[in-house]
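Hi,

Here is the structure I promised to pass on.

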Amino acid sequence: MNRTSLSLIAAATALAAVTGFASMSAPADADTTAAGAVARLPVERTSQLCPAPSVSDVAETTYTSVTPTGKGGADSAPAADAGGTAELKESTVTLADPGGADDDKKDDKKGEQAQDDAAKGATGEDGKSFMTLKEPGTPVSAEASGATSPALVGTATGRFAPGWTTQQTTTVTVGGARGLLGMTCTAPDTDFWFPGASTERSRQDYVHLTNPDDTVAIVDIELYGADGALKSETGEGIPVPARSSVPVLLSTLTSETAPNVTVHVSTRAGRVGAAVRAADDAGGSDWLTASGAPADRVVLPGIPKDATDVRLVVFATGSADADLKVQLSTPEGTITPAGHESLHVKSQMTAALELADVTKGEAGSLVLSPSGSPAPVVAALRVVRGKGEKREIAFIPATAPITARATVADNRAKGSTLSLTAPGAAAKVRVTSSPGTEGGEATVETYDVKARSTLAVTPKAPAGLKGAYALTVEPESGGPVHASRTLELPEDGVPMFTVQTLPDDRGTVSVPRAREDLSILDNGE
């Protein structure tokens, strides 16, 4: 199995998606909850991890990267409070193309080899620069081809950090890995849930573990099926060397075959980026990204209107069973799918619900809420478009609402659909289409989403668009909004597509503000 050695442009120093520390003096437009109490300031450092895109020699991958502008982001101007100063640092964003990788092209189906390779360690050599942002608000793109394209690690600082996002889109037109594989590159973390994976013979699901730091990460992978934990003797204590990426085939971690599996990735030491590359013998392939944090109410936005088969997979993470009400949010309101009104999920077990062609010609989203005592769950949808040999799969994990802003890159002149779901009160949303990677002028549209409904729109492309562009979504008023973007790139009659959810970009951080100057006076000592 391939092992890719990575190099960081700069080591990330904080946890989760917000990996920075903001200046202590607020910009003029910073949000405050009480005078002299708390300020919302732009983060100053962000990290991203993109897994190796494919094992196919005919794979073509596009990376599109952008930092959005606007309130709380790159446009926030410094302001001086009494007795203090504020500074926004200018920096660049670089994705590191790992150096020292030894593409030995060993049998890619032997998951144990990944652990053997990991134990040998990485070279530690610095990687070469792969792509660099030039200006906030304007995306850039880069291309990679074939099975040897490496994983990427990047760091954004200063005015490039707030909201920085990178989209990885891979097209494979033939072979067992055929499909349109898309994902938003992830931030390093210590805990991930992936409902919707499988250990069936017809599936080849790999969890990709990428370590951005200078020390080894130790990872545990737990698998849960319909009857609870699947027996595994090799999923504990997997070493991921510094600046390295390790793919692990799930079916090598257990002898049990299960069609619906929840994968739990956690670290004993260090942190990693994690994503599951799923390949179906008959239905193509795509990335399964992590579900949002466990919650008793979850939303899965953006089921295409022409979906031919939809499967819901849910896992109860706590000690209590979860009894869930299943609802479909449509353009006209929320309904209960006939025959699929509820789902019982036992504690620490995976449950699935076959919803068939639930959208029936109208785009929608799934909303799960407790029908009894609340219990935390994670969830994902496996969505199929097309039929027979022309089938194509994608995944939609549960995602949290956008609290301030979210961005998705790599939108094309044709083929992008933005889904906006308001599970409660009505909402007004501002959507900005950035300039293209090769030219164009940004455009802004405002959309009204009716209460308890889903609005699917074709976003307005930038004027004079050349290349790909980014979409930035900002709620302006009303209730919470959940969002996703579907990208369609049909090929030879196959309706290839991929869906990316839009969680909040965490471009700002809460910082306490001192009520008085506590600096030490100069006593001449």
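A cut-off to begin with: I call a residue buried if its relative accessible area is under 20%, exposed if over 50%, and partly exposed in between, using a 1.4 Å probe and protein chains only. Keep in mind that this is a predicted model, so local features need pLDDT of at least 70 and side-chain atom pairs count only at pLDDT 80 or more, while totals for chains, interfaces and linings use all residues. Numbering runs from 1 along each chain as its sequence is written, and side-chain values use heavy atoms, with hydrogens and water left out.

The overall picture

The protein chain has one helix and 40 strands; these are DSSP runs numbered from the N terminus, with helices being H or I of at least four residues and strands E of at least two. Of its 525 residues, 56% are buried. Contact here means heavy atoms within 4.5 Å. Among contacts with a separation of 6 or more, 82% are between residues 24 or more positions apart. The protein chain exposes about 20600 Å², and carbon and sulfur atoms supply 49% of that. The areas come from Shrake-Rupley with a 1.4 Å probe, and for residues only the protein chains shown count as cover.

The disulfide

Taking a disulfide as a pair of cysteine sulfur atoms within 2.5 Å, the count comes to one. Cys-50 and Cys-185 form it, with their sulfur atoms 2.0 Å apart. Cys-50 is in strand β4 (residues 45-50) and Cys-185 is in the loop between β11 (179-184) and β12 (191-197), so the bond ties together parts 135 residues apart in sequence. The S-S torsion is about 110°, which means the disulfide is right-handed. Cys-50 is buried at 0% relative accessibility, and Cys-185 is buried at 7%.

Aromatics

Rings of Phe, Tyr and Trp (its six-membered ring) pair if their centres lie within 6.5 Å; planes under 30 degrees apart are stacked, over 60 edge-to-face, and the rest tilted. That rule gives four aromatic pairs. One of them is Tyr-63 with Phe-130, whose centres are 5.2 Å apart and whose planes meet at 80°, so the pair is edge-to-face. Tyr-63 sits in strand β5 (residues 60-66) and Phe-130 in strand β7 (residues 128-132), 67 residues apart. Tyr-63 is buried at 1%, whereas Phe-130 is partly exposed at 21%.

Tyr-224 and Phe-315 make a tilted pair, 4.8 Å centre to centre with 45° between the planes. This one links strand β14 (residues 217-225) to strand β22 (residues 307-316), 91 residues apart. Phe-315 is buried at 0% relative accessible area, and Tyr-224 is buried at 8%. Together with Trp-193, they form one aromatic cluster.

There is also a charge over a ring: the charged end of Arg-385 sits over Phe-497, 5.1 Å from the ring centre. The rule asks for NZ of Lys or CZ of Arg within 6 Å of the centre and within 35 degrees of the ring normal.

Two individual residues

Ala-379 lies in strand β28 (residues 377-385) and is buried at 0%. Its C-alpha is 5.6 Å from that of Val-313, 66 residues away along the chain. Beyond its neighbours within four places in sequence, Ala-379 contacts residues including Pro-195, Ser-291, Leu-368 and Pro-397.

Thr-399 is in the loop between β29 (392-397) and β30 (406-411), yet counts as buried at 8%. With the neighbours within four places set aside, its contacts include Val-299, His-482 and Pro-503.

Cheers
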